[in-house]
Amino acid sequence: MAVTLEKVADRPRPLYDVATHYCPGCSHGVIQRLLAEVITELDIQQRIVGVASVGCSLPIYHYLDIDFVCAPHGRAPAVAAGLNHALPGRAIFTYQGDGDLAAAGMGQIVHAAARGDRIAVIFANNATYGMTGGQMSPTTLLGQKTSTTPQGRDAQAGYPIRVAELIAGLPGATYVARMAVNNPGNIKRAKLALIRAFQNQMHNRGLSLVEILGICPTDWGLSPAESLTWLKNYMIPYYPLGELKSI
């Protein structure tokens, strides 16, 4: 009996047809695929500008066929704010990891939210400094082992920062959500949050932030499957998912 095959999905237009450098299981590729889908569905490829700085977020320049500006470590929100003033008709977003946004750039994102800068912030949180060797980041969980906390993070090193809750408390932030990309249902919800963030930005409703929990099997010292289980059992209970603020 003949079998008829039907093509039900394709590579989104903004996503280059190239292999990525990411480690097996890394969540950055999933998040960037979602970004490409959102850009296609909102039809904003010709008017969107992304800003990324140092970290595993940086190579996004090589994978999405859109305009990008490189920022110093942690300074993506400030650069994006400047772009927003210089190019008021564009869709402006930042793509940042937890070492970038929550450490070197914490002052930048707080003041961008306080000002209500018209930007969308995509915050990839894998609770480690991925590119530089797996050091403790501001979002590393208590007890989590890293290259700088080999016995596990303790309270003497400070408590993990819940970035989404912090930003949601500022009046200039009008859409704040935390999602994850550890299973198909959560991936779908993450995409919807990204769509809402860009719609918010394009309607000049202040700052939007979507925190997305992902995995780093290499620096966590786990297999991709084990990492997904670890995220479910430990990260999500401390960093609960959902929309924290929507105006």
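This report describes helix packing, aromatic contacts, cysteines and salt bridges in a predicted model.

## Helix H4 and its surroundings

Helix H4 spans residues 106–115, and its buried residues are Met-106, Ile-109, Ala-112 and Ala-113. Viewed down the axis of H4, these buried residues fall within an arc of 135°, so they line one face of the helix. An α-helix has 3.6 residues a turn, so residues three or four places apart point the same way.

Several elements contribute to the cover over the buried residues of H4. Among the helices are H2 (76–86), H3 (98–104) and H5 (163–168). The strands include S4 (120–125), S5 (173–180) and S6 (207–213). After H4 comes Gly-116, which has a positive phi, near 70°.

## Aromatic contacts

The structure contains 7 aromatic pairs. One of them joins Trp-220 and Trp-230 in a tilted arrangement, with 4.8 Å centre to centre and 55° between the planes. This pair links distant parts of the chain, since Trp-220 belongs to helix H7 (residues 217–220) and Trp-230 to helix H8 (residues 224–238), 10 residues apart. Both Trp-220 and Trp-230 are buried.

Trp-230 also forms a tilted aromatic pair with Tyr-234, at 5.5 Å centre to centre and 35° between the planes. Trp-230 and Tyr-234 are separated by about one helical turn, because they stand 4 residues apart in helix H8. Tyr-234 is partly exposed, having a relative accessible area of 48%. Elsewhere, a cluster of Tyr-61, Phe-68, Phe-93 and Phe-198 is linked by ring pairs. A charged residue also meets a ring: Arg-162 lies over the face of Tyr-238, 3.7 Å from the ring centre.

## Cysteines

A search of the whole structure finds 0 disulfides. For Cys-26, the closest cysteine sulfur is that of Cys-56, 6.1 Å away, which is too far for a bond; a disulfide requires the two sulfur atoms to be within 2.5 Å. Cys-26 counts as buried, at 17% relative accessibility.

## Salt bridges

Side chains of opposite charge can pair when their charged atoms come close. The whole structure holds 8 salt bridges. One of these joins the side chains of Glu-37 and Arg-33, at 2.8 Å from N to O. Both residues lie in helix H1 (residues 28–42), 4 residues apart, about one turn of the helix. Glu-37 counts as buried at 19% relative accessibility, whereas Arg-33 counts as partly exposed at 29%. Another salt bridge, at 2.7 Å from N to O, brings together Asp-117 and Arg-115. Asp-117 is buried, with a relative accessible area of 7%, while Arg-115 counts as exposed at 51% relative accessibility.

Glu-165 and Arg-178 meet through their side chains in a salt bridge of 2.5 Å, N to O. Glu-165 lies in helix H5 and Arg-178 in strand S5, so the pair ties together parts that are 13 residues apart in sequence. Glu-165 is partly exposed, with a relative accessible area of 31%, but Arg-178 counts as buried at 0% relative accessibility. Finally, salt bridges with shared partners join Arg-33, Glu-37, Glu-41 and Lys-191 into one network.

Methods. Residues numbered from 1 in each chain as written. Predicted model: local features only at pLDDT ≥ 70, side-chain atom pairs only at ≥ 80, totals over all residues. Heavy atoms only, no water. Buried < 20%, exposed > 50% of the residue type's maximum accessible area, 1.4 Å probe, protein only. Helix = DSSP H or I, 4+ residues; strand = E, 2+ residues; numbered from the N terminus. Arc of directions from axis to C-beta. Contact = heavy atoms within 4.5 Å. Phe/Tyr/Trp six-rings, centres within 6.5 Å; stacked < 30°, edge-to-face > 60°. Lys NZ or Arg CZ within 6 Å of the ring centre and 35° of its normal. Salt bridge = Lys/Arg side-chain N within 4 Å of Asp/Glu carboxyl O.
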